[in-house]
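Let's take a look around this protein together. We'll start with its pockets and then move on to a sheet and the helices beside it.

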Amino acid sequence: ASGEGAAAKRYLAARGIDGELATSFGLGYAPGGWQALRDALAKEGYEDDELVRAGVAKKNERGRTWDLLRERVVIPIEDVRGRVIAFGGRVLGDGEPKYMNSPETELFSKKTVLFGFRNARQAAVDAGEFLVVEGYMDVLAAHRHGVENVVGVLGTALTREHALQMKRYTERAVLLFDADEGGLRATLRSGPLLLAAGLDVAVVRLPPGLDPDEFLGEYGAEAFHDYLTEKREDLVDWLIRRARRRREDVGGSMAAVQGAREVLEAIAGVTDPLRIDLVVRRIADAFGLREDRLRAELRGSKGLGGADLEESRQPTRRRARLRGWEQDETFVLRGVATDPEFAGRVARTLTEPDFRDGVRRRLFLVARQLVDEGRSPTPSVLQ
């Protein structure tokens, strides 16, 4: 390559991206000038309006069409089937904005696309988890060092659609965002959302001033793996530790109440009853509070600072909340068969009409009778 193309190759080489990796991700270069792409595609028969709808060009008020990405390294963005649906561009030199994406189109929505997903999904199956980072270069740097189960967020936060994509391949996601205020905010937004979608979530905070690209470049893949193993922290434990640290100056019972409320608010979107039980117990143990008060707080009753949970007075609200938990009656019955405390709450709260499926309705009736008799509705007894 010569001229502008050579400058792009030098930039990629300086970032450690060789020809094989560039080919794997389809990296290219958009030359300078305002209509290089437009003119090339016009020769192929494409109309200006088609280029605008595809998100690769803009049209001004006078009707002149110009290329969106110019003098940038171009990074194709693919959907889950590996089809190119948009592009990102990294400027050469110190221009702004440093990174630019295609606008959202009929094909491209940032909330449904993770960068590098096609390249990462088999590695995520093998590793049992996805590593989630903030951008293109972090993903490329990870692949350059042989860490391939990495995907990048194209917007400011993960979405439920992203979570469900990952959950089709593995049960765990590790958030590896930058060690700055933006990375902290992204972790606080994204972690609870992934947890609510049913993923196990871990958090890794890199040393201050380093992103994954820089960490890998300075310390290498082996140190990176060691750091992930040593520093990963379960999301709920991380939320608890952060809440306690933020209230170190308060002290006493008020710090415990405020900290517990902060964590409860973060995990309020979780609907799996078994996961709720586990999480609430951990919060109660961490802050030295009663579980029933925490459950009341989670359900919007008087909660930590008020009276005991008065279950008999609010049957309609309680049934609505448990329906909100379950979504699938199987989850409720699984909890009944494995947790005597949960079985007792379900027996006191739900009634026969709450179960739509006939078989599960009969299982619920048997379980409720066993609870009334002081027996545990274990799987062997329910069969």
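## The largest pocket

This is a predicted model, and its largest pocket has a volume of about 620 Å³. The lining is made up of 25 residues, and those nearest the centre are Leu37, Leu41, Ala54, Val56 and Phe87. Strand E1 (28–30), helix H3 (36–43), helix H4 (48–54) and strand E5 (84–91) are the elements that each give two or more residues to this lining.

What kinds of residues line the largest pocket? Sorted by class, you get 18 nonpolar, 3 polar and 4 charged residues.

## The second largest pocket

Next up is the second largest pocket, with about 420 Å³ of space. It has 20 lining residues, and Tyr99, Glu134, Gly135, Tyr136 and Met137 are the closest to its centre. At least two lining residues come from each of strand E6 (99–101), helix H6 (136–144), H8 and helix H9 (212–231). The class count for this lining is 7 nonpolar, 5 polar and 8 charged residues.

## A sheet and its helices

Now find the open sheet of 6 strands, ordered E7-E9-E8-E10-E11-E12, with mixed pairing. Strands E7 (114–115) and E12 (233–234) are the edges, each pairing on one side only. E7 runs antiparallel to strand E9 (residues 150–153), and 2 bridges join them. Phenylalanine 115, for instance, has glycine 152 in E9 as its bridge partner.

Helix H5 (residues 117–127) packs on this sheet and touches E7, E8, E9 and E10. Its direction makes about 135 degrees with that of E8. Helix H8 (residues 181–196) lies across E10 and E11, running at about 175 degrees to E10.

Terms used:
Residues numbered from 1 in each chain as written. Predicted model: local features only at pLDDT ≥ 70, side-chain atom pairs only at ≥ 80, totals over all residues. Heavy atoms only, no water. Pairing = 2+ DSSP bridges. Helix = DSSP H or I, 4+ residues; strand = E, 2+ residues; numbered from the N terminus. Contact = heavy atoms within 4.5 Å. Axes fitted to C-alpha atoms, helices over the stretch in contact; angles between N-to-C directions. 1 Å grid on protein atoms, 1.4 Å probe; cavity = no way out; pocket = protein on both sides within 12 Å on 5 of 7 lines; lining within 4 Å. Points joined across faces, edges and corners; volume = space filled by probe spheres on them. Nonpolar A, V, L, I, M, F, W, Y, C, P; charged D, E, K, R; others polar.
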